[in-house]
Amino acid sequence: MGRRRSRPSLVILAIALFGCSPQEVGVAPTSPSRRSLAPLYRQRPRTLESSETAPTQLEWPLRGVLSSRFGPREGHPHDGIDLSVSDGTEVHAAATGEVVYSGSGLRGYGNLIILRHGGGLVTIYAHNSELRVAVGARIERGQVIALSGHSGRATAPHLHFEVRLDDQPRDPELYLPPSPH
Ligand SMILES: [Zn+2]
């Protein structure tokens, strides 16, 4: 039931040290507006045969310290959560879906994977050191899709993980079971 809240001071320290802010890159400082990611994958034809219902339960893409939560941070939106892990950690698909983006064309996000799961839900995995899947591939829940890293705007190795519904960022923790970490 209850989420473990051990070592709050360490978590705060981790936020200070490891926080990432890809949203701050590529937009004017005076306009910390949210960026749409839909143009990256809107042109991809739908290949999912499964129902179009968006999954309501995701699984953690990896085990790591939750170093930054979803929501505004120092006046800027933080559209996902940060999981602090060492470089080269396997990143797993949070749900079954298809790869609609695999590349480094979005400033700040580094080597980026975007998976589409149906029902308008996509998951986003940023700052990887290595991408293991190509656009168009069908992905099973839990499949390794990348190795974590600190590419893009990241001061330390971590996975920046986003959940978007119809391109609107949602708090990933609302889709995930309580952190086992
Ligand atoms: Zn982040």
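Two strands count as paired here if DSSP finds at least two bridges between them. Helices (H or I, at least four residues) and strands (E, at least two) are DSSP runs, numbered from the N terminus. With those terms in hand, let's start at a turn: strands E5 and E6 form a hairpin with 2 residues between them, and glycine 119 in that turn has a positive phi of about 65°.

Before going further, a word on the model. It is a predicted one, in which local features need pLDDT of at least 70 and side-chain atom pairs count only at pLDDT 80 or more, while totals for chains, interfaces and linings use all residues. Residues are numbered from 1 along each chain as its sequence is written.

Now step back to the whole chain. Its secondary structure comes to 2 helices and 11 strands, and from the N terminus on, the elements run α-α-β-β-β-β-β-β-β-β-β-β-β. Of the 181 residues, 40% are buried; that label asks for 20 or more other C-beta atoms within 10 Å of a residue's own, with 12 or fewer called exposed, anything in between partly exposed, and the C-beta atoms placed from the backbone. Contacts are pairs whose C-beta atoms, placed in that way, lie within 7 Å. Among contacts with a separation of 6 or more, 68% come from residues 24 or more positions apart.

Strand E5 (residues 111-118) is joined to strand E6 (residues 121-128) by 6 bridges, and the two run antiparallel; isoleucine 113 stands opposite tyrosine 125 in E6. Strand E4 (residues 97-103) also runs antiparallel to E5, through 5 bridges, with tyrosine 101 having isoleucine 114 in E5 as its bridge partner. Because 7 of its 8 residues are buried, E5 is largely enclosed by the rest of the structure.

Next, look at an open sheet of 3 strands, in the order E3-E9-E7 with antiparallel pairing. Strand E3 (90-92) and strand E7 (130-131) stand at the edges with a single partner strand each, so one side of each has no neighbour in the sheet. Between E3 and strand E9 (residues 144-147) there are 3 bridges, and glutamate 90 stands opposite leucine 147 in E9.

Finally, where does aspartate 79 sit? Aspartate 79 is in the loop between strand E1 (65-68) and strand E2 (81-84), and counts as buried because 24 C-beta neighbours lie inside 10 Å. Aspartate 79 and arginine 170 are 91 residues apart in sequence, with 7.4 Å between their C-alpha atoms.

How values were computed
Contact = placed C-beta atoms within 7 Å.
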